[in-house]
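Please read them with the structure open.

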Amino acid sequence: MERLDQLFVLLKKIILQFAESFLPAPLLPFLSILVSITAIAIFAPLTMMYLTWLERKVIGRMQNRFGPNRVGIYGLLQPIADGIKMLTKEDVIPLGADRVTHFLAPVAVVVPSLLLFSVLPFGRNMTAVNLDIGLLFFIAVSSIGTLAIFMGGWASRNKFSLLGAMRAFAQMISYEVPLVLSVVTVVMIVGSLSTEKIVEAQSGWGGLRWFVFTPWGFVGFMLFFICSVSEVNRTPFDIPEGESEIVAGFHTEYSGMKFALFYMAEFLGAFAYSAMAATLFLGGWQGPLLPSWLWFGLKTFCLVFTMIWLRGTFPRFRVDQLMSYAWKFLFPMGLSNILAAGIWYHTPFPLSFIFATWILLLSFIGLSRLNPTGTRLERRTYRFAE
Amino acid sequence: MELFFYLLATLTLLGALGAVLLKNLVHCALSLILFFAGIAGFYILLQAEFIAAVQILIYVGAVATLVLFAIMLTQNVIGETTLKGLGQNRWWALGISLVVITVLVRAIQHQTLPSFLPEGRVTTNEIGHTLVTTYVLPFEVISILLTGAMIGAIVVAMETKKNKQQATGDRRRT
Amino acid sequence: MIPLSHFLTVSAVLFAIGLYGVLARKNAVIVLMGIEIMMNAANLNLIAFSRFLPANRLTGQLFALFGITIAAAEVAVGLALVIAIFRMVKTIEVDRIEKLKG
């Protein structure tokens, strides 16, 4: 059991011990880093490949069709076929494009989403880099992706690309605020930014100490999840790449491998945000019987599945709805959630539960009342088609 | 360590130079981002990881975005947004900058600086505690300043009814 | 180990570059970017000193933190002003903004 739990840690140890026999001592720390990086670099594209397969399969089932089923059993080799197709496609750069920026954008979008994986605790003792400021690192790095998307959209010299890029900009900045606010509650209660400490703080009581079971944790989890769906530009928040409005948004002018990199960044982001939500609110790798990394994988899988489910269920937001949802609902909700977490921290147990629940319920009801449900649009006047 | 320092220094200086010398405004802003990231690298080198993360979050995540937004709102958005280059006072500016560099570098060279590296690092916990105990007054003042700046920025940049009419009028005319 | 003077020299050169940007460029956004470069150079100084002076490690980092916050506030107000000016006179070249009346 213990062996199985620490499988990957032991594997790394064996590799390091084997290397010790012929490598000089000063190189060993670098080798340790290299092994971790290699593990992430293999794991991340594999995840991405099978997430695309999963998404197509699940969406297919939801729409009453089979999804990919030609290549391999259950279409399991489909991602590989897709990869070959992407690699052999012609790489088109628009004539007017800003070549350097156009080339750099896909790179700049993938690197941060790979960096996100370095602070995730995949299992017991399985954080690649146990940073003191892990959570802050996660948020800081994830904010770089916005700029990469802008670079891609601007460098393409295409109005749809630029529109998509500006939409992505506005959306991701707006949703980052409630995202950070929802995370602040966890940091307040745990008193640390390290992802490992956050997981440790949720141990015990047979899973009842997961933060999602507290009032502030539940609201925080919902806020975090909604905002993370928006941060990775997935449906129903996919207005930056809405096909029916602006062709494909910021990656209209990308083809071949560069397009695949944008696609990869989206899926890696979806996975990393789900994993972070599991770490922050669902107890991370903790769970009975099964090995820790499997528990982590299961929780993350459930959240990723929910993201796909959302995509199969909801229509796209309108731009004004999107903005008012972030600023008029999620943002004040995040603020009152911080108040609730503060009260939770400073009052004894049964009272704290009641107070926090009431604060959150009242603010939820109040905010839904204050926000008008049906938006009255101005009467549209047509200038040319009258 | 040394290699890392020189690499970072080159990157940061190139970024800063690009930000003030390039012709295309968006290129300037992108090169400014390189500069911000380089400074964050310096902070990591100096064992100030928390400040480095804050630098990335605020400068790369927010300030650069604001700058790009301002460029998009004030320039011809698509196509060549090249500038007419430098003003007439560039030679004066160059002279002044060179004088500043000489004076500062001379001052640094003639000073006996501490060369001893103390052990131990500053933890995030310590920063947080000091921020709400010893430095609680500056902290509060800063938060008032931020609120004021935010309200001010919104009020200044807000489209009032009058200049909105003006803008639509302009659009009709053209 | 890298001596303190190296960091200070880099910071001095960065400061001068920022100053050049402020003085030589005509575009208001680039002037603001130059100011940001100068502020970052100052912050680099603070952090470098805080690393080498054992007594003031925390103070240096906190001052850099305050500096970053102030720079963020400054850039927000500055860019809002740039946008407001652009709306009024349709240019953001600093030497062509000469009207005192809107």
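1. Among contacts in chain C between residues at least 6 apart in sequence, those joining residues at least 24 apart make up 45%. This is a predicted model, and that share is computed from its coordinates. Chain C has 3 helices and 0 strands, in the order α-α-α along the sequence. Of the 102 residues in chain C, 57% are buried.

2. Is α1(C) enclosed or open to the outside? It is largely enclosed by the rest of the structure, because 18 of its 21 residues are buried.

3. The contact between chains C and B takes 62 residues from chain C and 69 residues from chain B. On the chain C side, α1 (4-24), α2 (28-52) and α3 (57-89) each supply at least two residues. The largest share comes from α3(C), with 22 residues. By class, the side of chain C that touches chain B holds 45 nonpolar, 10 polar and 7 charged residues.

4. Leaving aside neighbours within four places in sequence, Asn89(B) is in contact with Leu23(C) and Ala24(C). Why does Asn89(B) count as partly exposed? It has 14 other C-beta atoms within 10 Å, and the partly exposed class lies between 12 or fewer for exposed and 20 or more for buried.

5. Chain B also meets chain A: 19 residues of chain B are in contact with 21 residues of chain A. Helices α2 (25-45) and α3 (49-74) of chain B each supply at least two residues of the chain B side. The most is given by α3(B), with 12 residues. That side of chain B divides into 14 nonpolar, 4 polar and 1 charged residues.

6. Which residues touch the most other members of the largest nonpolar core? They are Ala277(A), Ala29(B), Ala64(B) and Val67(B), in a core of 179 residues. This core draws at least three residues from each of domain 1 (1-83) and domain 2 (123-174) of chain B. Setting aside neighbours within four places in sequence, Ala64(B) is in contact with Leu147(A) and, in chain B, with Ala29(B), Leu32(B), Ile33(B), Phe36(B) and Tyr59(B).

7. Confidence in chain B deserves a comment. The mean pLDDT of chain B is 80, and 83% of its residues reach 70 or more. Within chain B, confidence is highest in helix α6 (residues 136-157), at a mean of 89, and lowest in helix α7 (residues 161-173), at a mean of 55. Where pLDDT is low, the predicted coordinates should not be read in detail.

8. In chain A, helix α3 (residues 28-62) has 35 residues and reaches 50 Å from its first C-alpha to its last, close to the 51 Å expected at 1.5 Å a residue. Its buried residues are Ala44(A), Thr47(A), Met48(A), Leu51(A), Thr52(A), Trp53(A), Glu55(A) and Lys57(A). What do the buried residues of α3(A) pack against? They pack against α4 (78-88), α5 (99-115), α12 (256-281) and α13 (292-313) of chain A.

9. Two asparagines of chain A call for a look at the backbone. Most residues other than glycine have a negative phi. Just after α3(A), Asn64(A) takes a positive phi of about 65°; Asn64(A) lies in the loop between α3 and α4 of chain A. Phi of Asn233(A) is near 55°, also a positive value in a residue other than glycine, and Asn233(A) is placed in the loop between α10 (215-231) and α11 (243-246) of chain A.

10. The surroundings of these two asparagines can be set side by side. Asn64(A) counts as exposed because it has 6 C-beta neighbours inside 10 Å. Asn233(A), with 25 other C-beta atoms within 10 Å, is buried.

Key:
Residues numbered from 1 in each chain as written. Chains lettered and ligands numbered in written order. Predicted model: local features only at pLDDT ≥ 70, side-chain atom pairs only at ≥ 80, totals over all residues. Contact = placed C-beta atoms within 7 Å. Helix = DSSP H or I, 4+ residues; strand = E, 2+ residues; numbered from the N terminus. Nonpolar A, V, L, I, M, F, W, Y, C, P; charged D, E, K, R; others polar. pLDDT = per-residue confidence, 0-100. Expected span 1.5 Å × (residues − 1). Core = buried A, V, L, I, M, F, W, Y, C linked by C-beta atoms within 7 Å. Domains from an automatic or database assignment.
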